[in-house]
Amino acid sequence: MSEAVAVLAPAPPLANVAEARFAGPRALTLDSGQVLPELTVAYTTYGELNAARSNAVLVCHALSLDQHVASDNPVTGRPGWWDLMVGPGKVFDTRRFFIICANVVGGCMGTTGPKDINPATGQSYGLSFPVITIGDMVKAEAMLLDRLGIAELLCVVGGSMGGMQVLEWMATYPERVVSAMPIATAAKHSAQNIAFHEVGRQAIMADPDWCGGDYQRHGVVPSKGLAVARMAAHITYLSEAALQRKFGRTLQDRQHFSYAFDADFQVESYLRHQGRSFVERFDANSYLYITRAMDYFDLAADHGGVLAGAFGKLKSRVCVASFTSDWLFPTAESKKIVHALNAAAANVSFVEFATDTGHDAFLLDVPEMFATFGGFVSSAADHRGVKRVG
Amino acid sequence: MAHLSQDLAVIADMVLPGTRVLDVGCGDGALLEHLARTKNVDGRGVELSQAGVNACVARGLSVVQGDADSDLADYPTGAFDYVILGQTIQATRYPRTVLQQMVRIGRHGIVSLPNFAHWRMRTSLLGRGRMPVTRALPNAWYDTPNIHMCSVRDFSELAQELKLTIDRVVSLRGGKPHAVKPFSISANLFAEQAIFLLRGA
């Protein structure tokens, strides 16, 4: 995902950056049957947990994002990816709610992933890291909440892969979820989405510096492969209209074609920049593992092929949201979720926002989205008796 | 709480307490909220406008953005006790299909509609030769969302043709509700609006 553009510049909320360590022979048993003997979960919180422990909001991050939701990212120095949504007076008001976001299992921002040391060998995991699933990510989040003494989530929210985690939460821990907001997501990864991920993975693996996944030991980084993976993926997060509006056929710092393969066009230069900056903050093997987790996601398959079966015990209020120009996770996918929730007689709302900015719209300044989400969260909090601010 | 319009008050009166209700074209959710508060109704809504959906969601109601023509097919059969079409049927593209969906999804259907055969409409068309613009139908012909206008009698005939049972008809006349018969000549002349309580075969 691209980082959200900060339109306003208010003081970011006070962030508490922390880690939770889980040890023991079977710290986390994964869906694959393999175990992680040691697990560190890196997370950030904003605001304060109230005495009733009823104001916790879990934000689940997307593929290429991390736990730095609303405070400056320590690696890039840029504002948090959802600082338009999380902060004092915003949709997720940090004066009213206790916001938690954890880096996913397999990630590279502090939570245990392929670049960390395998305690069995004393070497980096690399490709010996077990394949993880969306379910495993959610299991680790649940362990973190247990550690924090939080039994119930006022809201669990996320876009894209974050939305997959939200759906998994609704299916696996329905009793812990008061309200849920799966945004720009799907109950299963489509063939087209798997195909795009495969292009990205093949780009990484085709880079000689990938070294069969063992690049850390060789002291190199498959930066070219990872950059190409990011460039291809980034196109899928935008829309044709947004690319046309932003770049058109405008040339980059020149009046005429170079008649060579430099970045003549602005759009090329932009994509190259996206690729380069991604390499500085993301681990190539993490990218392989996390894209795989998304590919494997199919919530209906886990419930006898019937998606409604995943939501049988759900009492939560749910707000499903999509964007008109999102062709990666199109509205039709959100409607399938809504259909299943209706079939399970769940309390579901659905809204489709009109924007031309594509899949990444959920990270951007969409006032209608803020209005809907704000109303939804605030009414869930009122219903649950969470005190209003002021 | 917002005051209910008269047709919504009549609709609310038809709904039994403790039931499940789907309000198609629920607007800002006034009826659903009223039913939840006064009759312990478990309600859901369908609404086309973003503003309406936002208002509903902020009220804590469960509302799906969508339209009657395309989205009712997604609802399971017999999922609701009542499916309500409040001032909605005349704005749908396929009123017949929508009515069939209504009685498939709900055990009962409630439809309120403006009566195009009201005497004011008749005199407007007859006397002035213009499409009527009235309190119940305030839009000019070119910007009205109402594309399938009908009279009380027209609707009664369609219900009969679709083999729906008409359990009750209430007319609003001068803002006051009156129980009427589906094919009553005077209702067709004097009802500004009519509210039908229906059942499938």
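How many salt bridges does the rule find across the interface of domain 1 of chain A and domain 2 of chain A? The rule finds 1. The views below come from a predicted model.

**View 1. Two domains of chain A.** Chain A is divided into domain 1, covering 15–188 + 298–384, and domain 2, covering 194–290. Their C-alpha centres lie 26 Å apart. At the boundary, 30 residues of domain 1 of chain A are in contact with 27 residues of domain 2 of chain A. The two domains bury about 2,300 Å² between them. Carbon and sulfur atoms give 62% of that area. Leu63(A), Leu127(A) and Trp327(A) supply 27% of what domain 1 of chain A buries against domain 2, more than any other three residues.

**View 2. Polar links between the domains of chain A.** Between domain 1 and domain 2 of chain A, 13 residue pairs are in polar contact. The interface also has 1 salt bridge. Elsewhere in the picture, look for Asp356(A) and Arg245(A). These two form a salt bridge, with the closest N and O atoms 2.7 Å apart.

**View 3. Chain A meets chain B.** Here 21 residues from chain A and 19 residues from chain B make the contact. Together the chains bury about 1,600 Å². Carbon and sulfur atoms hold 46% of it. On the chain A side, Asn342(A), Ser349(A) and Phe350(A) supply 27% of the area buried against chain B, more than any other three residues. The count of residue pairs in polar contact between the chains is 14. There is 1 salt bridge between chain A and chain B. Lys335(A) and Asp71(B) meet in a salt bridge, at 3.4 Å from N to O.

**View 4. Salt bridges within the chains.** Side chains of opposite charge can pair when their charged atoms come close. Over all chains the count comes to 26 salt bridges. In chain A, Asp262(A) meets Arg254(A) at 4.0 Å, N to O. Asp262(A) has 42% relative accessibility, so it counts as partly exposed. Arg254(A) is partly exposed too, at 29%. In chain B, Arg44(B) and Asp42(B) form a salt bridge at 2.9 Å, N to O. Is Arg44(B) buried or exposed? Arg44(B) counts as buried because its relative accessibility is 3%, under the 20% limit. Asp42(B) is partly exposed, at 32%. Another salt bridge in chain B joins Glu157(B) and Arg153(B), 3.3 Å from N to O.

**View 5. Aromatic pairs in chain A.** The count comes to 18 aromatic pairs over all chains. One of them is Trp169(A) with Tyr173(A): the ring centres are 4.9 Å apart and the planes stand at 45°, so the pair is tilted. Both Trp169(A) and Tyr173(A) are buried. Phe257(A) and Tyr259(A) form an edge-to-face pair, 6.0 Å centre to centre with 70° between the planes. Phe257(A) is partly exposed, with a relative accessible area of 41%. Tyr259(A) reaches 75% relative accessibility, so it counts as exposed.

**View 6. An aromatic cluster and charges over rings.** Four residues, Trp81(A), Trp82(A), Phe92(A) and Phe362(A), form one aromatic cluster. Two arginines in chain A are shown with rings. The charged end of Arg176(A) sits over the ring of Tyr173(A), 5.9 Å from its centre. Arg230(A) lies over the face of Phe278(A), at 4.6 Å from the ring centre.

Terms used:
Residues numbered from 1 in each chain as written. Chains lettered and ligands numbered in written order. Predicted model: local features only at pLDDT ≥ 70, side-chain atom pairs only at ≥ 80, totals over all residues. Heavy atoms only, no water. Phe/Tyr/Trp six-rings, centres within 6.5 Å; stacked < 30°, edge-to-face > 60°. Buried < 20%, exposed > 50% of the residue type's maximum accessible area, 1.4 Å probe, protein only. Lys NZ or Arg CZ within 6 Å of the ring centre and 35° of its normal. Domains from an automatic or database assignment. Contact = heavy atoms within 4.5 Å. Buried area = accessible area lost by both parts, 1.4 Å probe. Salt bridge = Lys/Arg side-chain N within 4 Å of Asp/Glu carboxyl O. Polar contact = N/O pair within 3.5 Å; in protein donor to acceptor, adjacent residues only side chain to side chain.
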